Amino acid sequence: MDLSLETDGGRTKRRRVRRDPRPHFQSDRSDQLDALVGCPEQQVPSDHLARRLRAVVERLDVSALEARYSSLGRRGYAPRSVVAVWIYASLVGQHHASRVAESCRTDAAFRLLSQGYSLSATTLRRFRRENGEFFVRALEQTVRLAHEDGLIDATDLAVDSVRIRADQSKGVRHAG
C-alpha cells in the first residue's frame with residue numbers, strides 16, 4: 001500500500017492508495033474442512049442444483065456490484081456468492097433473510113454457494129435491499145444465457161396470466 005501526499009491550503013494530508021485498484025473479497029474456503037460441519041465441497045453431490053447454479057452465476061456480469069466495493073479496508077463477501085445464495089434460496093422456497101442465514105450455517109449447499117462463510121441475516125437483507133435493480137438484470141441475463149445454451153426455446157416463452165386483484169375499500173365505487 002502506498003501513501004500519497006496531497007496539499008490542501010498549505011497542509012499536507014496522507015492518503016492511502018492501493019496499487020491494485022480492484023476490490024478484494026474474502027477468499028473461497030468452501031473446499032476447506034471444518035471440524036464441526038464438514039467440507040461443503042465434498043458434501044454436495046456433483047449433480048446437485050447448487051453446483052449447476054454456481055456455474056450459471058459464474059457467467060453473470062456482476063461488475064456493477066463489484067465496482068461499488070473499495071480496494072481499501074476490510075475484505076467483504078464476494079457479491080457473486082451472495083447473489084448465488086439468494087437465487088438458490090429463492091429456488092428452494094426460502095425468502096426470509098433470517099432463514100437463509102440459518103441455512104448458511106447448517107446446510108452444505110448454502111455453505112458451498114456462500115464460499116464456506118456464514119452470512120448474517122443483516123448482510124443478506126442489506127445486499128437484497130441495495131441491489132434490487134441488479135436482481136432484475138440478473139433475471140434477464142439468466143434467460144439470455146439459458147437461450148444461448150439451448151435450454152429454452154423463444155417460441156415457448158409466455159406471460160403469466162395470474163389474476164391480480166386491486167386492494168380497494170368497500171365504500172369506494174369504481175368509476176367506469
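This is a predicted model: local features need pLDDT of at least 70, side-chain atom pairs count only at pLDDT 80 or more; totals for chains, interfaces and linings use all residues.
A crossing of two helices is termed left-handed if the near helix is turned anticlockwise from the far one by less than a right angle, and right-handed if clockwise. Residues are numbered from 1 along each chain as its sequence is written, and side-chain values use heavy atoms, with hydrogens and water left out.

The protein contains 8 helices and 2 strands, assigned as DSSP runs (helices H or I, at least four residues; strands E, at least two) and numbered from the N terminus. Along the sequence these elements follow the pattern β-β-α-α-α-α-α-α-α-α. Of the 176 residues, 29% are buried (under 20% relative accessible area, with exposed meaning over 50% and partly exposed in between; 1.4 Å probe, protein chains only). Among contacts (heavy atoms within 4.5 Å) with a separation of 6 or more, 59% are accounted for by residues 24 or more positions apart.

Helix 4 (residues 79–91) packs against helix 2 (residues 49–59) at an angle of about 135°, the axes lying 10 Å apart. Axes are lines fitted to C-alpha atoms, for helices over the stretch in contact, and angles run from 0 to 180 degrees between N-to-C directions. The two helices, helix 2 and helix 4, are therefore oblique to each other (angles under 35 degrees count as roughly parallel, over 145 as roughly antiparallel, 65 to 115 as roughly perpendicular and the rest as oblique). Their crossing is right-handed. Helix 2 contributes Leu49, Ala50, Leu53, Val57, Glu58 and Arg59 to the contact, and helix 4 contributes Arg80, Ala84, Ile87, Tyr88 and Leu91.

Helix 4 also approaches helix 7 (121–130), their axes coming within 11 Å and crossing at roughly 95°. Helix 4 and helix 7 are therefore roughly perpendicular to each other. In this pairing, Pro79, Val82, Val83, Val85 and Trp86 of helix 4 meet Leu124, Phe127 and Arg128 of helix 7.

In helix 5 (residues 97–106), the buried residues are Ala97, Val100, Ala101, Ser103 and Cys104. Viewed down the axis of helix 5, these buried residues fall within an arc of 160°, so they line one face of the helix; the arc is that of the directions from the helix axis to the C-beta atoms. The cover over the buried residues of helix 5 includes helix 4, helix 6 (108–113) and helix 7. Exposed residues Arg99 and Thr106 are carried on the face of helix 5 turned away from its buried side.
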